[in-house]
Amino acid sequence: MASLAELPRAAAAAAPAAGPLVPRVVRVERVHRETRDTVTLALRLPPGDPALEYRPGQFDMLGPLGTGEVPISVSGGAPAAGTVEHTVRDVGGVTRLLCGLRPGDELLLRGPYGTAWDAEDGVGGDVVLVAGGIGLAPLRPALLQVLAARDRYRNVVLLYGTRTPRDLLFSRELDRLRRRRDVVLEHTADYAEAGWRGRVGVVTDLVGRAPFDPGTTLALVCGPEVMMRLTATALVDRGVPASRVRVSLERAMLCGVGLCGHCQLGPLFVCTDGPVVSWDTAAPLLVIRER
Amino acid sequence: MSADRLEVLAADDFDVLVRALAEGGREVLGPVLRDGVIAIGPVESAADLPQGWTDEQERGTYRVQPRADAAWFGYAVGPQSWKSVLFPARALLWSGAKGGVGEHGVEVSAPDRSAAARPRALLGVRSCDLAAIGIQDRVLLGRPAVDADYAARRADVIVVAVTCGFPAGTCFCASMGTGPAPRTGYDLALTELLDGEHRFLVAAGSPRGAALLAALPTRVAEDADRVAGEQLVASSVARMGRWLDVGPVPAALRGALEHPRWDDVAARCLSCGSCTLVCPTCFCTAVEETTDLVGASAARTRVWDSCFTPGFSYIHGGAVRQTTRSRYRQWLTHKMSTWVDQFGTPGCVGCGRCITWCPVGIDLTEEVGALVGAHVDEPQRQDR
């Protein structure tokens, strides 16, 4: 886990000389099991690798040799120390192999790709992060960025929904956050279990009474598409302008650089025009079924 | 075609041009009769051209037929576009292996692209296909991420365009503003004239084309030659099998995403992807990863893909576009509307291939007309 001081530099990455579709070989430094189906991989990158220059919200293409690759958002890391982290949930062929990697294993990486959260646009106002499930992973570097300059923001609110109480990512870090007085953290589980004394329900329900001023809020939302749609709608209903609500879209991505065509959503190439887009752009595209 | 530099090349001297193109080992590719179609193949002399052949095309129909005259370029377009040369269906992206001796146990390297980069001359490029090459240049070269294989293939290409004098029933380049005469993007533009002496009007469109032209045994075009060329273009426009008023289409389609016509066309569409394969601008690709039996070496290959396959939009949990309705809508709205948002031009050049090669005869111009109420004129439509 990165300490809060180890922040990515928000510099544009230079394209590697071999071309955008040729991956680099990187090594697994540490593996941290987050939940029964999710691990965080800390990857050791060579000095000067463009993926060290990621901006929160961007993603890399990852995969072991010979297995294909998948887009995985950067979830943190210590770029100054030469590592970046990716939090991977085992949902398919490549992610299963990624979740089974051990320290010292090598894999292939391309990136960083896509647009960023640009949390600094929230300076001077409230920042509300709303995460559903694995959606906390892409938001984590943005949260760390905000906390590293905590005095430049007003309220900092993290609303986090998981399927069950045990599906919590970054649990030790969230425990530390809970003890901070300058951060509001609300966690809710879709389904309770015996002994769970926390909140039960969907994360959207937390938006209504969370402490933020809609007029000064920048909201960053990441989770399943239906969760983002309902959350963004709830935020807009509370008065946050749609242009100040940002979501991270997910579509099939094979190249990450706008060439393969798979991620298209209306006029967007989600890999290069996204994954982070503002809600005023995303909303009209997502209302059309199967767009 | 600029009027001030028009020359005339006798058909008997055509091989001088072919030899000039082939100089230095350059591969000359042009139209050849093969497998019952006019395809793209090596051309060593005018004898390789489809002399005296034409193509008859309608929705779902293509036939080569003998012509009454001996025209060498007396056809419209074959199933292959130049995409098959400049953006082939398969291209190696990289290969890698375990067991390296360097810093890493795994090593990955970009392929040798010298074969892809071989100098080529494209002979007989139609204006629609010329426009398509321009569009692929924007898509594959004109943005921050460049397709390395396309860049290699595109680096040294001489384009010899030929005015389309005999459009097919499925053609609508005149309405798309892309033909039938080549306007830009060529080194040399030819117009084949069959009245009297069999000859070609020749115009240069680049310094390289001008140098080629200067070395040919040509004479200055006379008024009669120019008039014959203009008449050919005019008669070609008049014979254009279809027409699509494209102007209002991009905006109108934006407002037609839930039109009942999508259900109508989905009931006919087989979701086979033929249209995307023959389309000269469709650029979507998938990747194939191959390994040896023990997984010690691997290679990744870029292959043409089609937005009509169920796997195209697959993310964990299922495909975004489950239905043929949504897949046809994606293809047509991308081609005619969102392509404009992305690249400043429609992705359609009016070549008509998607109409000809659709196994159930779905006609893009007809579907667009039904969706947006655009004027669709099909003088050669045959009820079938």
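## Helix 1 of chain B

Helices, taken as H or I runs of at least four residues, and strands, taken as E runs of at least two, are DSSP runs numbered from the N terminus. The model described here is predicted. Just after helix 1 of chain B, B:Gly24 takes a positive phi of about 75 degrees.

Within helix 1 of chain B, which spans residues 14-22, the buried residues include B:Phe14, B:Leu17, B:Val18 and B:Leu21. These residues sit on the same side of helix 1 of chain B, because the arc that they cover around the axis is only 100 degrees. In general, an α-helix has 3.6 residues a turn, so residues three or four places apart point the same way. Among the elements of chain B that cover the buried residues of helix 1 are strand 1 (7-10), strand 2 (27-34), strand 8 (120-125), strand 9 (157-162) and strand 11 (199-204).

## The domains of chain B

The domain assignment divides chain B into domain 1, made of 3-87 + 112-240, and domain 2, made of 249-290 + 306-377. The C-alpha centres of domain 1 and domain 2 of chain B are 27 Å apart. To the contact between them, domain 1 of chain B contributes 29 residues and domain 2 of chain B contributes 22 residues.

On the side of domain 1 of chain B that touches domain 2 of chain B, the elements giving two or more residues are strand 5 (61-66), helix 3 and helix 5 (173-176) of chain B. Helix 3 of chain B supplies the largest share of that side, with nine residues. By class, the residues on this side of domain 1 of chain B are 16 nonpolar, nine polar and four charged.

## The domains of chain A

Chain A is likewise divided, into domain 1 (24-113) and domain 2 (119-248), and the C-alpha centres of these two domains of chain A lie 24 Å apart. In the contact between them, eleven residues of domain 1 of chain A meet 14 residues of domain 2 of chain A.

Strand 1 (24-35), strand 4 (70-78) and strand 5 (83-89) of chain A each give at least two residues to the side of domain 1 of chain A that touches domain 2 of chain A, and strand 4 of chain A gives the most to that side, with four residues. The residues of this side of domain 1 of chain A comprise two nonpolar, seven polar and two charged.

## Contact between the chains

Where chain A and chain B touch, the contact takes 30 residues from chain A and 37 residues from chain B. On the chain B side, two or more residues come from each of strand 6 (90-98), strand 7 (106-109), strand 14 (285-291), strand 16 (314-315) and helix 11 (324-343) of chain B. This side of chain B has 17 nonpolar, 14 polar and six charged residues.

Strand 14 of chain B also runs antiparallel to strand 15 of chain B (residues 297-304), to which seven bridges join it. Across this pairing, B:Glu289 has B:Arg300 in strand 15 of chain B as its bridge partner. Strands 14 and 15 of chain B form a hairpin with five residues between them, and B:Gly295 in the turn has a positive phi of about 75 degrees.

## The nonpolar core

The largest nonpolar core holds 187 residues, and those with the most contacts inside it are A:Leu129, A:Leu220 and B:Val160. Helix 3 of chain B (residues 127-141) gives the largest share of this core, eight residues. Residues up to four places away in sequence aside, A:Leu129 touches A:Leu139, A:Ala142, A:Leu143, A:Leu158 and A:Leu220.

## A sheet and a loop in chain A

An open sheet of seven strands in chain A has the order 10-9-8-7-11-12-15, with mixed pairing. Its edge strands are strand 10 (199-200) and strand 15 (276-278) of chain A, each of which pairs on one side only. Strand 10 of chain A pairs in the parallel sense with strand 9 of chain A (residues 184-189) over two bridges, and A:Val200 in strand 10 of chain A stands opposite A:Ala189.

The loop between helix 5 (225-237) and strand 12 (245-248) of chain A contains A:Arg238. A:Arg238 is partly exposed, because 17 other C-beta atoms lie within 10 Å, whereas a buried residue needs 20 or more and an exposed residue has 12 or fewer. Apart from neighbours within four places in sequence, A:Arg238 is in contact with A:Val207, A:Gly208 and A:Pro214. A:Gly258 is 20 residues from A:Arg238 in sequence and 35 Å from it in space, C-alpha to C-alpha.

Note on methods. Residues numbered from 1 in each chain as written. Chains lettered and ligands numbered in written order. Predicted model: local features only at pLDDT ≥ 70, side-chain atom pairs only at ≥ 80, totals over all residues. Arc of directions from axis to C-beta. Contact = placed C-beta atoms within 7 Å. Domains from an automatic or database assignment. Nonpolar A, V, L, I, M, F, W, Y, C, P; charged D, E, K, R; others polar. Core = buried A, V, L, I, M, F, W, Y, C linked by C-beta atoms within 7 Å. Pairing = 2+ DSSP bridges.
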